[in-house]
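This report goes through a structure element by element. Keep the sequence and the coordinates at hand while reading.

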Amino acid sequence: MAVAAREQAAVELVDLEQTSLRDLNQRLHDLARAPGPSAWRIVNPSGAHALACGIDAEVEVEIDGHVGYYCAGMNKRATVRVHGNAGTGLAENMMSGLVVVDGNASQSAGATGRGGLLVVGGDAAARCGISMKGIDIVVGGSVGHMSAFMAQTGCLVVCGDAGEALGDSIYEARLYIGGSVASLGADCVEKELRDEHAAQLSALLDAAGIDADPSGFRRYGSARQLYNFRIDNAGAY
Amino acid sequence: MATGERVGVRPVGSDPGPQYAGVRPHGSDPTKTERPWNLRESYLFDRTVIAEIQRASREGIYDIRGFGAKRRLPHFDDLLFLGASISRYPLEGYRERCATDVVLGTRFAKNPLELKIPVTIAGMSFGALSAPAKEALGRGASEVGTSTTTGDGGMTDEEREHSTTLVYQVLPSRYGMNPDDLRRADAIEVVVGQGAKPGGGGMLLGHKISDRVAEMRDLPKGIDQRSASRHPDWTGPDDLEIKIGELREITDWEKPIFVKVGASRTYYDVQLAVKAGADAIVVDGMQGGTAATQDVFIEHVGIPTLPATRLAVDALQELGVHRQVQLIVSGGIRGGADVAKALALGADAVSIGTAALVALGDNSPELDGEYRELGSAAGFYDDYQAGRDPAGISTQEEALAARFDPVLGGRRIANYLRVLTLETQTLARACGKSHVHNLEPEDLVALTVEAAAMARVPLAGTDWIPGSA
């Protein structure tokens, strides 16, 4: 690719059939230390792993196609949009910024995320939001089993259904589910959805750009019965 | 149960006598206890076993404790160096150089770790340990040119400041994980397991959760913080390879990436870690310490460091990557003899945890009275989970932590590491080696059939290696 010529363009186009993943990620990382293009378009990702991970810059990255594992992992400040599906560990441990996937996401989307907003337009597979630590996740479709396992803080919004063992061993995260819940995990219970929660849910749906009626959602969270070990609860584990 | 109360622990202030499993009156020797000859103690149901059954029936929960395995296990003590003789030429002890430097992470990383000694400080979390204790580890290690390691709680600014070379652990819990700390680390260690509890997660009990610890881990204060036993975003060796690839991309391929496993299926784990792209592999034997684990787990899961070392070296040699993928062995390293024997079996470096805490002042006889008030005694204290350590090491109570002098602690660590190094050099020179890495299995014999079989060196006085033709 004629990189020098492209530098002048409004949108930096990178073709992963011509440029290595390493070179692309290095250029994106360099934005943390030196100014560069603020808008990027990546074509031919071909399911590459670790694509656009570790960015620390206020930059827009659009990816045309499917991505592999850990896309936008540990993202800070950047907006990453995937026009396709995403593999395991999408936006894992994201710190801030926005990651949007038009299609579906595989397992562990948003795992351990500490901030920012992750939006999955389609479905997310098992363990969506596992050990989430402050990230907000909005899923337009459904999520698989063990979603929000050991979820610490942040919100998981699921417009569709949730699989088995939702919120198992959950801490302080809030779960808003629009559809059915196959089963709740240990120490996860349904909770009253008060006005403050409705406002939070509406704001998250708005931020995600997902048109869903907040009134049909139910809220789930921790019963806080397993926070300190008690032998009387041994049967719950 | 009150927040500050330990599960499975005897009441604070109670007599540490025979009602508590594992603690004998300080200084006593059960084999010499004065008692009539007609009283015969059961080998199977000795007083420790009886006390534990009684404790379990009283409290209804397993015992959680710190430290490592306390049972007798085959170990480096069961090996001896042959020393130089007519066929081998020794080096002059006080004159001729015996180098100790080691480079870790030469396989893929742009910036491998260059350490002056082959002894590093193992991962111990801020949370399990107090801030001044972590600072002391950094001070001491930096003084002698080796590394420290974070732990299951993230990286603190203090430990980064005081550790010239700092290894940042990526654990299943991902407490405090962030890309900035990955980038300011000198190496990354993906922790799959630890020797005290291969296959187990962790637990920091609620009463050790200070405001700062809670904030670092994104959890409320005062609740038990479980550390997951599985990583949240990868499963199996194929995923691990992709995960390591992500960590390399985030850090621009600069940092060495270690993979740490608790010793169990060591041969296979090491080969899979190599296949997954590790620069170095840490194998932690079952004697490795912990801050809080069930006693039954510590004593009954995993294999000892001795056979694990041999299996790890076998795995690396079979793949043709021995010395290219460095091996770091931990679990029960106490003195230079242990270091030298691990190196002779093929390790590139060792790590110390429990020994480092002891060097800092843990289980100090001067604190015996205070240990007894806690129901323990100097030399027996293992309640790292309780957070009431009078030495100010395994605690988050400010008043206790303030008792610990990080400058003095750092000096002790440096002294101790120097002694380990001097002892290792002494043994290496005796075997005629100008570098400690030149020690080799042929310098060793075994005292027991078990150790000969596990280490695959001959039983002393014979040429017999059990299992060999």
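## Strands β9 and β11 of chain A

In chain A, strand β9 (residues 174-177) and strand β11 (residues 218-222) pair in the antiparallel sense, with three bridges between them. One of the residue pairs is A:Tyr176 with A:Arg219, its bridge partner in β11(A). The model is a predicted one.

## The sheet of chain A

Both strands belong to an open sheet of 11 strands in chain A, in the order β1-β2-β3-β4-β5-β6-β7-β8-β9-β11-β10, with mixed pairing. The edges are taken by β1 (12-15) and β10 (188-191) of chain A; each has a single partner strand, so one side of each is left without a neighbour in the sheet. Direction ignored, neighbouring strands are turned by 15° against each other on average. Strands of a sheet pair through backbone hydrogen bonds, in either the parallel or the antiparallel sense.

## Strand β3 and its two partners

Which residues make up the covered face of strand β3 (residues 60-64) of chain A, and which the uncovered one? A:Val61 and A:Ile63 form the covered face, while A:Glu60, A:Glu62 and A:Asp64 form the uncovered one.

On one hand, β3(A) pairs with strand β2 (residues 39-43) of chain A in the parallel sense over five bridges. Here A:Glu62, from the uncovered face, is the bridge partner of A:Arg41. On the other hand, β3(A) runs parallel to strand β4 (residues 79-83) of chain A, and five bridges join the two. In that pairing A:Val61, from the covered face, stands opposite A:Val80 of β4(A).

## Chain A as a whole

Chain A holds three helices and 11 strands. Read from the N terminus, the order of its elements is α-β-α-β-β-β-β-β-β-β-β-β-α-β. The radius of gyration of chain A is 19 Å, close to the 18 Å given by the globule rule for 237 residues, so the chain is as compact as a globular protein of that length.

The C-alpha trace of chain A spans about 65 × 35 × 30 Å along its principal axes. Of the 237 residues, 55% count as buried. Among contacts in chain A between residues at least 6 apart in sequence, 25% join residues at least 24 apart.

## Contact between chains A and B

How many residues does each chain bring to the contact? Chain A brings 37 residues and chain B brings 25 residues. On the side of chain A that touches chain B, the elements giving two or more residues are α2 (21-30) and β7 (133-139) of chain A. The most comes from α2(A), with three residues. By class, this side of chain A has 13 nonpolar, 16 polar and eight charged residues.

## Helix α10 of chain B

Helix α10 (residues 336-344) of chain B is mostly covered, with eight of its nine residues buried. The buried residues are B:Gly336, B:Asp338, B:Val339, B:Ala340, B:Lys341, B:Ala342, B:Leu343 and B:Ala344. After α10(B) comes B:Gly346, which has a positive phi, near 125°.

How values were computed
Residues numbered from 1 in each chain as written. Chains lettered and ligands numbered in written order. Predicted model: local features only at pLDDT ≥ 70, side-chain atom pairs only at ≥ 80, totals over all residues. Buried ≥ 20, exposed ≤ 12 C-beta atoms within 10 Å, placed from the backbone. Helix = DSSP H or I, 4+ residues; strand = E, 2+ residues; numbered from the N terminus. Contact = placed C-beta atoms within 7 Å. Nonpolar A, V, L, I, M, F, W, Y, C, P; charged D, E, K, R; others polar. Rg over C-alpha atoms; globule rule 2.2 N^0.38 Å. Pairing = 2+ DSSP bridges. Axes fitted to C-alpha atoms, helices over the stretch in contact; angles between N-to-C directions.
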